[in-house]
Amino acid sequence: MAHSRVYLPKLNCPPATILDFLVKKFPHIPAEKWRDRIDRGIVTAASGTPITPDTPYRHGQMIFYVKEVPFEPPCDEEETILYQDEQILVANKPHGMPVTPAGQHIARSLLNRLQQRTGIESLVPLHRLDRDTAGVVLFGLKAECRARYHQLFATGKIRREYFAVALVAQVPEERQWLVQNRMEPGDPWFRQKVVATGHFNAKTEITLIETRGGLGIFHLVPYTGRKHQLRVHMHSIGHPILGDLLYPQINEPQPAVAPLQLLASRLAFMDPVTGLERDFRSPTRLQHAWGP
């Protein structure tokens, strides 16, 4: 099970105990809940030693705890392990499953499910996919190797490919786009916006493959990894992704609406540890895609 952590800062008026600090730090969690977690031994110091209700507050420590929610509905789909060796694990994530624990998605996050399934507590995602996006996710197993895989993303030495189904009101004359712009946090905070000033920080190559019945299948190759980059760039060329509830505007989920029609279909790279060429592809098929 993945742990969350909180740092104990130096305070002018520190609380008497770590329990007192946690109750004040997280007012939405009742004190009884923290006592219950402590009694079950799932609140620990960095050494792994469980704290007690009377453990004194000492600044400079890192405290680890397990997030819990009263009830989590079951997953609609399960993840698939595509590959595993001593350094990496590659999984295929379904729509609606977060990569890491967040909000009401704790036990059903991809990370927690894979840790439970494999027994590998050291498992760490090497990049992110939005909860609504399905597809291939790369995980690292060994701490000493992770930086070498992270560097693939930082230096653009890993090829990422996506497919999307998007609205096409009329077939455009242009079927290829190279979108380059600057993206920054928008309003509200969880949306992104394009700004006119500053250096470009988001770049995507987009190709329209086929159209049918007011929809199009698009192939997307991002060269950067900004939050919501593909959603924003698809909207910017006038073809918002089908099922997108954030762009061009925030919409409430509707039962009849299909999940976001965006798939991380491929990760390809030269393995920095083994020197082997890697090429992982998602078996998932977008709900509104067609053809062979």
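Reader: In what sense do E2 and E3 pair, and over how many bridges?
Author: This is a predicted model. In it, E2 and E3 pair in the antiparallel sense, over three bridges.

Reader: Which residues of E3 are on the covered face, and which on the uncovered one?
Author: Ile63 and Tyr65 make up the covered face, while Met62 and Phe64 are on the uncovered one.

Reader: What do the buried residues of H1 pack against?
Author: They pack against strands E1 (4-7), E2 (43-45) and E3 (62-65), and against helix H2 (31-39).

Reader: Which residues of H1 are buried?
Author: In H1, residues 18-25, the buried ones are Ile18, Leu19, Phe21 and Leu22. They span an arc of only 160° around the axis, so they lie on the same side of H1.

Reader: Moving on to aromatics. How many aromatic pairs does the structure hold?
Author: Eight. One of them is tryptophan 34 with tyrosine 65, an edge-to-face pair with 5.3 Å centre to centre and 75° between the planes. Tryptophan 34 is in helix H2 and tyrosine 65 in strand E3, 31 residues apart, and the pair links these distant parts of the chain.

Reader: Are tryptophan 34 and tyrosine 65 buried or exposed?
Author: Both tryptophan 34 and tyrosine 65 are buried.

Reader: What about phenylalanine 269 and phenylalanine 280, how are their planes set?
Author: Phenylalanine 269 and phenylalanine 280 form a tilted pair, with 45° between the planes and 6.2 Å centre to centre. Phenylalanine 269 belongs to strand E13 (residues 262-270) and phenylalanine 280 to strand E14 (residues 277-281), so the pair ties together parts 11 residues apart in sequence.

Reader: Why does phenylalanine 269 count as buried?
Author: Because its relative accessible area is 3%, and buried means under 20%. Phenylalanine 280 is buried as well, at 10%.

Reader: Back to tryptophan 34. Which residues do ring pairs link with Trp34 into a cluster?
Author: Phe26 and Tyr65. Besides that, the charged end of arginine 37 sits over the ring of tryptophan 34, 4.8 Å from its centre.

Reader: Which ring does the charged end of lysine 203 sit over?
Author: That of tyrosine 223, with the charged end of lysine 203 at 5.1 Å from the ring centre.

Reader: What is lysine 142 in contact with, leaving aside its neighbours within four places in sequence?
Author: Glu86 and Gln87.

Reader: Last topic, the whole chain. How many helices and strands are there?
Author: The protein chain has five helices and 14 strands. Its C-alpha atoms fill a box of roughly 70 × 45 × 40 Å along the principal axes.

Reader: What share of the residues is buried?
Author: Of the 292 residues in the protein chain, 44% are buried. The accessible surface comes to about 15800 Å², and 52% of that belongs to carbon and sulfur atoms.

Technical notes:
Residues are numbered from 1 along each chain as its sequence is written. This is a predicted model: local features need pLDDT of at least 70, side-chain atom pairs count only at pLDDT 80 or more; totals for chains, interfaces and linings use all residues. Side-chain values use heavy atoms; hydrogens and water are left out. Contact means heavy atoms within 4.5 Å. Buried means under 20% relative accessible area, exposed over 50%, partly exposed in between (1.4 Å probe, protein chains only). Helices (H or I, at least four residues) and strands (E, at least two) are DSSP runs, numbered from the N terminus. The arc is that of the directions from the helix axis to the C-beta atoms. Rings of Phe, Tyr and Trp (its six-membered ring) pair if their centres lie within 6.5 Å; planes under 30 degrees apart count as stacked, over 60 as edge-to-face and the rest as tilted. A charge sits over a ring if NZ of Lys or CZ of Arg is within 6 Å of the ring centre and within 35 degrees of the ring normal. Accessible areas come from the Shrake-Rupley method with a 1.4 Å probe; for residues, only the protein chains shown count as cover. Two strands pair if DSSP finds at least two bridges between them.
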